[in-house]
Amino acid sequence: MDDVKQLVTDIKNKNLKPIYFLMGEEPYYIDKISDFIEATVLNEEERGFNQMILYGRDVSVEDVVGNAKRFPMMAEHQVVIVKEAQDLSRTIEKLASYADNPQTSTVLVINYKYKKIDKRKALYKALKKTGVVYESKKLYENQVADWIRRILSPKKYTISPKAAQMLVEFLGTDLSKINNELEKLQIILPEGTQISPDHIEENIGISKDYNNFELRKAIGERNTVKAYKIVNYFADNPKDNPMVVTVSLLFNFFSQLLHFHGLKDKSPRSVASALRINPYFVNEYISAARNFPMRKVSAVVSTLREFDVKSKGVGSNAVPQGDLLKELLVRIFN
């Protein structure tokens, strides 16, 4: 995110490079940087003659180079943006000769999503000398809640830890989807609002009481009544609560709990750092560790591996997922 801020600052200050090669598994920042260049490098009058949008599936590398070598008309720069450039992956190395000696009056933007170019080859080496190579890496699940807080901060919103966790568990690590939902909330809620689980439930449709976050907490507390209520809700709404996701999240939780048992320093700050969790959730792990000693945690991890396979249909084709979840709870609590 700091790299993106620096890129945006440089572009605002007209410190432009002839090529921006934007690549990587996370498309959110690729789109943001590309859209910013599209909206700001040229003024409205200049764009008609000097801004071109190409799509990788419709052009060749030679077409891209041909357009990039043109001179601007009545403007200091022209902008050429190639969207979905990953469709040119088989021939993208042909761009190396242009990258060695790019047209300095052109700002060429390559949106190379979900892929990376080989850093050992000529194209990457040329790009590093004459342009910008930005790699947008996928965030780990435990990094997304912090990303949500950082995105909201300049917009004068905050979010409670539980609300952030609800978004992550429901939407995963897809930053574009999460940002879309946050933007909807910002339209509805006034500046200065702390986004709460109630806001998430009312406006996005994620239940604040019946979700994987609450199931994990109920299991850790050995609150069997609450755990079975949540599992019954999942059984009645299987499309919104796929078992494979539930098992994966529980597996991560008990794996972290196993790590917790092995820690010498169990102070909240040390636990949060070691497990890479928000300090807000540390007490859940402390409570769960009291209820599940190390030997039991090891057994639960093995059980979850078994049910991970079953959740994918191996050896349990005729068993409804709701029944499998109930059986899993029995195995965890006994």
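The largest cavity is lined by Val 61, Val 64, Val 82, Ala 85, Leu 88, Ile 92, Leu 95 and Ile 110, and by class this lining has eight nonpolar, no polar and no charged residues. The model is predicted, so that local features need pLDDT of at least 70 and side-chain atom pairs count only at pLDDT 80 or more, while totals for chains, interfaces and linings use all residues. Residues are numbered from 1 along each chain as its sequence is written, and side-chain values use heavy atoms, with hydrogens and water left out.

**Cavities**
- The largest cavity holds about 40 Å³ of space, and the count comes to three cavities of 30 Å³ or more.
- On a 1 Å grid over the protein atoms alone, a cavity is a set of points where a 1.4 Å probe fits but cannot get out, whereas a pocket is an open set with protein on both sides within 12 Å along at least five of seven lines; lining residues have an atom within 4 Å of a point.
- Grid points are joined across faces, edges and corners, and a volume is the space filled by probe spheres set on the points.

**Largest pocket**
- The largest pocket has a volume of about 790 Å³ and is lined by 37 residues, of which Tyr 140, Glu 141, Asn 142, Gln 143 and Ala 145 lie nearest its centre.
- Among the elements that each supply at least two residues of this lining are helix 1 (2-12), strand 5 (132-135) and helix 13 (243-261), and the largest share, eight residues, comes from helix 7; helices (H or I, at least four residues) and strands (E, at least two) are DSSP runs, numbered from the N terminus.
- The lining of the largest pocket has 17 nonpolar, eight polar and 12 charged residues, where Ala, Val, Leu, Ile, Met, Phe, Trp, Tyr, Cys and Pro count as nonpolar, Asp, Glu, Lys and Arg as charged, and the others, Gly among them, as polar.

**Second largest pocket**
- About 420 Å³ of space lies in the second largest pocket, whose lining of 15 residues has Met 1, Val 4, Tyr 29, Lys 32 and Ile 151 nearest the centre.
- Helix 1, helix 2 (27-40), helix 7 and helix 9 (175-188) each supply at least two residues of the lining of the second largest pocket, with the largest share, five residues, coming from helix 2.
- The lining of the second largest pocket divides into nine nonpolar, one polar and five charged residues.

**Helix 3**
- Phe 49 lies in helix 3 (residues 44-50) and counts as partly exposed because its relative accessibility is 49%, buried being under 20% relative accessible area, exposed over 50% and partly exposed in between (1.4 Å probe, protein chains only).
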